[in-house]
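Visitor: I have a structure here that I have not looked at before. Could you show me how to read a sheet in it?

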Amino acid sequence: MNRLAPKVLPGFGITLGFTLTYLGFLVLLPLGALLFQALSNNPFDFFRSAFHPRALSAYWNSFSMAFSAAVLNTFIGLLIAWVLVRYRFFGRRFMDAVIDLPFALPTSVAGFVYSTLYSERGWLGEFLGQNGIHLTHTWFLTVLVLLFTGFPFVVRTVQPVLEELDGDLEEAAAILGANRFQTFIHVIMPSILPALITGFSLAFARGLGEYGSIVFVSSNLPYRSETGPVLIVSRLEENAINDASAAAIVMLMASFGMLLLINTLQKRRQSNG
Amino acid sequence: MNDYLISICKGAMACLVLVVGALFLSLVASPRRGSLELLHASFDTSREILAAWHQEITDSPVSNAWGNPNFRISNAGSAAQARAVRDGLPADIASLNFEPDWQILAKAGLVASDWRSRLPGGKAPWHSSLVLVVRKGNPHDIRDWEDLLTKPVKVIMPNPKTSGVARLAVLSFWEARRRAGSPASADIDLISLCKKVPVFDPSMRTCTTTFAQKGIGDVQITWEPEAWLEVEESAGKLELIRPKSSFRIEPAIGMVEPVAKSKGTILLVQKYLEWIYNPPAQEILAKYHFRPLDKNVAKLHQDQFPPVDWITIQDIAGDWDKAVEIFFKDGGLVDRALREAAKR
């Protein structure tokens, strides 16, 4: 009962009620409906559709693409954030604004532009093709698009932390005889790591759920290059709603589990350090 | 404690009021239905025909006699459209180019399962065939389905798991190969065909983009009206090839009775469904390269529509239910072929 004792700040009850109802409507109700749909058949059918060979290959494709892209994005995003925060140069503000474009651009447009640009008829694809490099509908191009859609997440989470970082610490490290590499690893890295991990998990989750661009750049071959979200839409088109919702549940659980794991690890790290 | 529960409830009430208010506002803001309105939900590539039909009606005295109805069109892939209508899209008329999609609506009690019997004369207003599109000069000398196997070509077609036309292409190809060999050899040929497909786009239109604009693949399997448009647009860079045999594609078309009843448009829909058999409507079909039913109109355009050795579902599997069972259900022939093709 003590937890519900009057708080100093008024309005707790009414705002909590509002929040719970709102979340219930927008998040829990649809997710509940999805779960209900998936479990309305017998559990055997659910497992059969959720772990169908085609679904397994789709999960793996989504996971491997999103993971590779997120790892690369973590490095590239950190680099970009570093440049934006630490240096002053002409066009910095413009560059800063450009970072947000992937947020605003519909991913289907990104997918279409990438696939056209790198096709044998596109000017970049034509040039690469003459040199024996064919990228259209390859795993590599898909990861490239995920790099595009994901990197603002890393930049935007790391950037504020880097800005807050006190220059004194680095000076102190230098005075105490640390070389630049040591300063980076032992002084800067621990402070930005949580933000970096958050950026990674956001980019990763984005990649797992990506549909609009992947449907254009991937070859979407079932059992081979089809990803989770593409599989789900494909299942819906086949009027196999139960298969679609089973795959959706697995994707949801996997993403949620992974985000939870990353957050927990991060919390533990913070409390230890 | 009690006070807190009450204030939590108050918050919940406030949220509900907000949500209901927003819903109410969106209802008020949505356009009101004025005069009679007819919504035709149709498959993707019929967009231009329907627009031309409706224009023709609006411009002719027919419109007045019908009470100047407003025509509206909804276009999407055949399967997506079937789902939309089943889930409540208030379409008075539906037309779908893949029979099993129609049966989704029939099972939901929205349309008559035997749509042909409800149409004037018991026949579909048009039919169409599957064709191949190749690059200028036909460098691989593609003439028939067989050449897709024997020539070193990459084949572009939509995903047979999602696209109605791709499924019809699979059926055409399989039946043509069965006639040349046996069911077992046709099965193997289908696997070989799947191995030659470098990318599955979700729909026929996206395939056209892949083939014509991105320049991927050597042969595209598509249907006649789409191929015409594509070839005309390419200004000589693409050529149309007609295989000797093709599935006879007929659109399932008819009234969505419960919707028409509630909107009071039953009579109007009946008139509409009769009108599309008239020469002006049939002429529009021919203009957009759909083979018209009307003999006179067909004769006028006969050079555009050379004869084809038609394949029907009876030839392949007896009926649609069996065909879906054999070819398209999970673990069916198409699924097996895709799986085999993935192991390269």
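Visitor: In which order do the four strands of the open sheet in chain B stand?

Guide: Strands (E, at least two residues) and helices (H or I, at least four) are DSSP runs numbered from the N terminus, and two strands pair if DSSP finds at least two bridges between them. In chain B of this predicted model, the open sheet has the order 2-1-3-11, with mixed pairing. Strand 2 (70-76) and strand 11 (252-255) of chain B each have a single partner strand, so one side of each is left without a neighbour in the sheet.

Visitor: Which strands of chain B does helix 2 lie across?

Guide: Angles run from 0 to 180 degrees between N-to-C directions, with axes fitted to C-alpha atoms, for helices over the stretch in contact, where contact means C-beta atoms, placed from the backbone, within 7 Å. Helix 2 (residues 47-59) of chain B lies across strand 1 and strand 2, at about 175° to strand 2.

Visitor: How many helices and strands does the secondary structure of chain B come to?

Guide: Chain B has 17 helices and 13 strands. Residues are numbered from 1 along each chain as its sequence is written, and chains are lettered from A and ligands numbered from 1 in the order in which they are written. Local features need pLDDT of at least 70, side-chain atom pairs count only at pLDDT 80 or more, and totals for chains, interfaces and linings use all residues.

Notes: Contact = placed C-beta atoms within 7 Å.
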